[in-house]
Each structure stands twice: as structure tokens, then as C-alpha cells.
There are 2 protein chains.
Amino acid sequence: MKALLLALALSLTASTVAAPVQVAELLANSPAADWRAVDPDNTLYLQIPGGQVIIELAPRVAPEHVANIKTLARAHYFDGLAIVRVQDNYVVQWGDPDEKHTVPTGVHMVTPEFTADRRAGRYFEPLAERDVYAAEVGFLDGFPAARDPRSDLVWLAHCYGMVGVGRDDSPESDGTELYAVIGHAPRQLDRNVTLVGRVLKGIELLSSLPRGSGEMGFYVPSESPVPIISVRVVSDLPPAERTPIEVLRTESATFRTVLEHRRNRREAWFKFNPAHIDLCNVPLPVRTH
Amino acid sequence: MKALLLALALSLTASTVAAPVQVAELLANSPAADWRAVDPDNTLYLQIPGGQVIIELAPRVAPEHVANIKTLARAHYFDGLAIVRVQDNYVVQWGDPDEKHTVPTGVHMVTPEFTADRRAGRYFEPLAERDVYAAEVGFLDGFPAARDPRSDLVWLAHCYGMVGVGRDDSPESDGTELYAVIGHAPRQLDRNVTLVGRVLKGIELLSSLPRGSGEMGFYVPSESPVPIISVRVVSDLPPAERTPIEVLRTESATFRTVLEHRRNRREAWFKFNPAHIDLCNVPLPVRTH
């Protein structure tokens, strides 16, 4: 059986897709302290007919938008709305384009959080690699991120699976319209949209949806939008309804070893060692057991 | 209606997804000479139940593999085989893992074509941008490519929609197993696999397939592999069965203008100009009218 003997989709589907043996073993044998439980108060379950999508929010980077989104979820604002746009190699987007639902009290347009508050800079962990768009890339609270060493500003990067807030030409947004990246990283959106988190599990439920045939991938009337059954803040659910989920700490020794395995390829299959890794190809392992 | 007012998926779906007005207008008003008709003798139609996928082959880079693949198509080798693997954020792969079909006479394992013959170097058109993996990136015969200025070697780059040849640990391959990239560019595969072309139209038919739940995204027995109805070399078909298809010439003035529009964003929506563009985010416009 000829198989393209590579497994790189570790980042978002670690629990369902096998990594090459050495990385899978590294993760299996890693110390418990190298993992952190994801904070249920900053985790969303997006339930669609295909299953559950788990999103980790980034309150340090986008506190105002995260607060709005949690208020929206707690008011059940998203329930009964729909995924209205699936654009190939770009984004899946959900919200209320026809303004069917009333925006709950306490949710207002807020100023953009394209970059994090300056105090967040000290949490930035650099990745020693070139980048096309930013002077420096790395990780912030486990999310892919970038930094401008001149201004010391940090921001989240539009890698596959990242979740952001749709907006009009005005830079403000309120979090009522959200999207997830399902294609090659549209890094030109960095510092142009407020990113609020990333999909930890279930991105394939979004990325495999039928593409919309309208402009920019919007579904046209003859196509059925995908209904949103519910969006919940996990801390509001009883423990029995929660999926225990952990993320490998980007500051851990295990993470550094995984990164090295992905940068310098030792597998027999590789004939040419890439010796580099793109920020958006760095695995950010997740486990749910 | 709040819409994330961006349309970047131009590259692979130009005929179905609108670009922002200025790029759409640029393309609509471009001189006919800025486009080239795709050679039907180096174009494949991959027919699956969801529709037709059009693949342009790259004979200058991978002549041996392209010859094999055309021989396989002409022997109807792929007809009745299946898509056996869909790994999220990585690849869709089709072939004959159970060796149901006999490999036709004239198709043999050939030496790798990870890089092009040295004479191909003069067709390389550099893109003035940084890259994570290569010293230099650009285009070769309309395909995304990279170059090592020290060795003067050029090779195709694993951008979204590129098509390559699966292989075992041995570097040889015969073209009986093919894959298309459906996620963030796995550039670590560059110079490790023979790339043979790219999907010009219909990549969304592959990228929206259900993911396989087996290791590396292989379908497990309880999942139905997606049947391959046929793979044909377009020049073997009567004109009435051909889709006229043109690609914007990467050496044209229109292409340079489109590239500049995508590197330096002038739309009102953009608050921060990226001023850079990743090789795999450069639109490679295609039209079928």
C-alpha cells in the first residue's frame, strides 16, 4: 500500500488523526505538567448538525470582544442562527445577516482589538523563524501570534482554525458575526480584524461544509445555510456535559521537542530536510482524554 | 448586513467567487494577450460524483511523472478507483491502495522529479518577498515555485490546490497515487515529493469532502470512499466535451497589477496595509468563459 506517509494535521485534530510515531509517542509520554486544562469560562461549544466545535477564547488579547461573545452566548443569541458563508480556502462565517435576533443588553460595538494591550507583550514566546508578514512570530497564551519589536505590539495570527470577528468598513465590531479560517493562512488580515480565539476540536466539521456559491462564498437562497443549534460557554454547563480538554503548553519542553521534530525532519520518508517551519504549520497539540 | 468584506479565494475559484471590485475589473478589462489557453494535452479532468476537477500538469518540471499519469489516464487506470484519504488541513489522496487495477504497460517507477531539470531555471519569475522555507520564491510556467540561487535549482511549491505524487519511503514513484493540497501550504514537502501540477477549477469539490477518520485521514471500512468516475486527458476528448479554460500569464502586466493590489491593500476595509504577500496567497486567476 503506497501511502503518502505524512501526518501533519496534528494541530487541530490531535485526538483523531495519528501523528508520526515519534511525535505521538512524545505526546503520550509527556509529563502531565506540560499540558494545561483549558479554562471552561473561556471555552465555547458551537453545536451544529455535524457535531460539536470547541473554541478557546483569548481574553488577554481581546477582552472586550470576548466579553461580548460570552454575553451573546449566555443570552442564547446564536441559537437558531446559521452558518451563512463558506468560502473555499478562506473562511466559514456565522451570524445574523438578516438581523432576526435582538442583540442582548450589554453588547455594544467596541473598539478594535487588532493588537493586544501592551502589557500582553511579556507573554509572547518567540519562534526562531522567518515570517513573510511580521518581523517576529511566536505564541501568546498558546495561540499563534506575531510581534513588532519596534513598537512592542503583539497580535494573534490568522492561522488555520483561528476565530475572528467580522466587521464592516468601520473598524468597530460587536462579536455578533464570527468566522473561522479554513484555508491557507490569510495573514493579510492580521491587525485588520479582531481575532478572539481558535478552534481546538472539530474544525473539520466547518472546513468540510459545502461551499456557498454566492459572492465571497455566501450561501444563495437555493442553498440551505447550516443551522447553529447552540453556542454555550462551557462553564455554564454541568460537568457531565463538558469535554475535558487540554492543550500542550507552548512553554513546555515537550512542545519544544515536537517543534524540533517538525522543523528538522528525521523520518526516513524525508529526503530533504526543510530545516524551517512556518508559524501556521507548528502543531499546537490538543487532547481530550 | 455585516459581511467580512474580503474575497481572497480568487486564485482557485476565480470563475465562481467574486474578487473585490478592483481586481475583478482589472481581470475583466485585461488584454486577451495577458491570458493563455491551457494546453489540453497537459490538462486532466478528474470526474467525481460532485463534479469535475480540472488539473493542469507541469511537464517542464516533472516530465517523467506527467508522461506516466497521461498513460495511466489514457488506459482508464483511475476509472473506478476512489478517493481514499481526506486529511483535514492537509491533503485529499486518490489511487489504488488495494491494487485492484493493473498498472498499464509503459508505466514504471521513475526517478524523483523533486526539482526541475536545470534548464527550467530560466523560466523562473521571482516574487520579491520573503519566504520561510526557500531563499527565493516565484512562479514557473504559472505554478508557484521556489529557487535556490546557490544551486540554481527550481521546484514547485506545495501551495493550496497543488497536485503531487504519493510515494513510499523510497524516493521513486510512478504516478498511480496522487494527492491535492487542501490546507495551509505544507511547504515542508517541497523537494520531498514530485509535484505534477495544480487544480485550476473544482478544488472545492475535493476540499469539502468528508474527512476520513482513520490514521492520516484514510477512510475506514465504515466510511464510503468517494468513487472516481474517470480521469481523462482533455486532448483525447472531442471539443464539445472540453471546458475552455485560460490562466492569467504570470509575466503579464495584469498579473503584476493584481499582485500589487493583493500586497498593498487599498480597500477601505483594510486598516493596516500588510505590504507583503505569501507566495501561496498570490492569486493565480483562471477563467472558463
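Over all chains, the count of salt bridges in this structure comes to 36. The model is a predicted one. One of the salt bridges joins the side chains of D236(A) and R74(A), with a distance of 2.8 Å from N to O. D236(A) belongs to the loop between strand 14 (230-233) and strand 15 (246-248) of chain A, whereas R74(A) belongs to helix 3 (residues 63-74) of chain A, so the pair ties together parts that are 162 residues apart in sequence.

Covalent links are also present: the structure holds two disulfides over all chains. In chain A, C159(A) and C280(A) form a disulfide. Its torsion about the S-S bond is about -75 degrees, so the disulfide of C159(A) and C280(A) is left-handed. This pair links distant parts of the chain, with C159(A) in the loop between strand 9 (153-156) and strand 10 (162-165) of chain A, and C280(A) in the loop between helix 5 (253-263) and strand 16 (286-287) of chain A.

| Link | Distance | Separation in sequence |
|---|---|---|
| Salt bridge D236(A) and R74(A) | 2.8 Å, N to O | 162 residues |

The next topic is the interface of the two chains. The contact takes 74 residues from chain B and 74 residues from chain A. The size of an interface is often given as the accessible area lost when the parts come together. Between chain B and chain A the buried area is about 6,700 Å², and carbon and sulfur atoms give 56% of this area. Salt bridges between chain B and chain A number zero, while 29 residue pairs are in polar contact across the interface, both residues at pLDDT 80 or more. On the side of chain B that touches chain A, the elements that give two or more residues are helix 1 (10-13), strand 5 (91-95) and helix 4 (203-207) of chain B. Helix 4 of chain B provides the largest share, three residues. By residue class, this side of chain B divides into 36 nonpolar, 18 polar and 20 charged residues.

Conventions. Residues numbered from 1 in each chain as written. Chains lettered and ligands numbered in written order. Predicted model: local features only at pLDDT ≥ 70, side-chain atom pairs only at ≥ 80, totals over all residues. Heavy atoms only, no water. Contact = heavy atoms within 4.5 Å. Buried area = accessible area lost by both parts, 1.4 Å probe. Salt bridge = Lys/Arg side-chain N within 4 Å of Asp/Glu carboxyl O. Polar contact = N/O pair within 3.5 Å; in protein donor to acceptor, adjacent residues only side chain to side chain. Helix = DSSP H or I, 4+ residues; strand = E, 2+ residues; numbered from the N terminus. Nonpolar A, V, L, I, M, F, W, Y, C, P; charged D, E, K, R; others polar. Disulfide = S-S within 2.5 Å.
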